[in-house]
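Visitor: I'm new to reading protein models. Could you walk me through one, feature by feature?

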Amino acid sequence: GHIGGLDGLEKRDDVVVFHAATRRASDGWQVRGGRAAYVTARAATRAAARERAYAAVADLGGQGWRVRRDVAAAGGAAAAPTTAGEGPQGRSDGGA
């Protein structure tokens, strides 16, 4: 799969992207398996940072990746990952 839009996120002051299993490709970043990229954000509170990070992930494109929706959730409640081959909004994009 591949993730489009990570380069744009990396230009933002409030968002930091950590790459793990990615490699640059002509259409963005190619996912090489596992937890490929981590999108984090800074804000005054954990809840605001979580909201900002997931809003940034919603801007990503591509296909063949998925995103966890339970990271930094209140109470540590676990949730199943959103399957993407279509990304977070059901369009072509997801293990961020």
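Visitor: Which elements of the chain have the lowest and the highest mean pLDDT?
Guide: Keep in mind that this is a predicted model, and pLDDT is the predictor's own confidence in each residue, from 0 to 100. Among the elements here, strand β4 has the lowest mean, 88, while helix α2, residues 46-58, has the highest, 94. Over residues 85-96 the pLDDT is below 50, although that stretch still has 53 contacts in the model beyond near neighbours in sequence. For the chain as a whole, the mean pLDDT is 80, and 77% of the residues reach 70 or more.

Visitor: Okay, now the fold. What pattern does the chain follow along the sequence?
Guide: You read helices and strands in order from the N terminus. In this chain that gives β-α-β-β-β-β-α-β, which comes to two helices and six strands.

Visitor: What is the order of the strands in the open sheet?
Guide: To find an order, you look for which strands pair with which. Here, four strands line up as β3-β4-β1-β6, with antiparallel pairing. Strands β3 and β6 (61-63) are at the edges with a single partner strand each, so one side of each has no neighbour in the sheet.

Visitor: How many bridges join β3 to β4?
Guide: Four, and the two strands run antiparallel; β3 covers residues 22-25. A hairpin of two residues takes the chain from β3 to β4. You can follow the pairing residue by residue: Thr22 stands opposite Val31, and Arg24 has Trp29 as its bridge partner.

Visitor: Where is His2, and what does it touch?
Guide: His2 belongs to strand β1. A contact list like this skips residues up to four places away in sequence, and for His2 it holds Asp27, Trp29, Gln30, Val31, Gly61, Gly62, Gln63 and Trp65.

Visitor: Let's go inside. Which residues have the most contacts inside the largest nonpolar core?
Guide: The general idea is that in soluble globular proteins, nonpolar side chains tend to be buried together. In this model the largest such core has 19 residues, and those with the most contacts inside it are Leu6, Leu9, Val15, Val17, Val39, Leu60 and Trp65. At least two core residues come from each of α1 (6-10), β2 (15-19), β4, β5 (37-41) and α2. Helix α2 gives the most, with four residues.

Visitor: What is Val17 in contact with?
Guide: Setting aside neighbours within four places in sequence, Val17 meets Leu6, Leu9, Glu10, Ala37, Tyr38 and Val39.

Visitor: Is Ala37 buried or exposed?
Guide: The cut-off for buried is under 20% relative accessible area. Ala37 has 1%, so this residue counts as buried. Ala37 is in strand β5, and its C-alpha is 4.5 Å from that of His19, 18 residues apart in sequence. Across the 96 residues of the chain, 34% count as buried.

Visitor: One last feature. What is the phi of Ala72?
Guide: It's near 65 degrees, a positive value in a residue other than glycine. You'll find Ala72 in the segment after β6. With a relative accessibility of 36%, Ala72 counts as partly exposed.

Terms used:
Residues numbered from 1 in each chain as written. Heavy atoms only, no water. Buried < 20%, exposed > 50% of the residue type's maximum accessible area, 1.4 Å probe, protein only. Pairing = 2+ DSSP bridges. Contact = heavy atoms within 4.5 Å. Core = buried A, V, L, I, M, F, W, Y, C linked by side-chain atoms within 4.5 Å.
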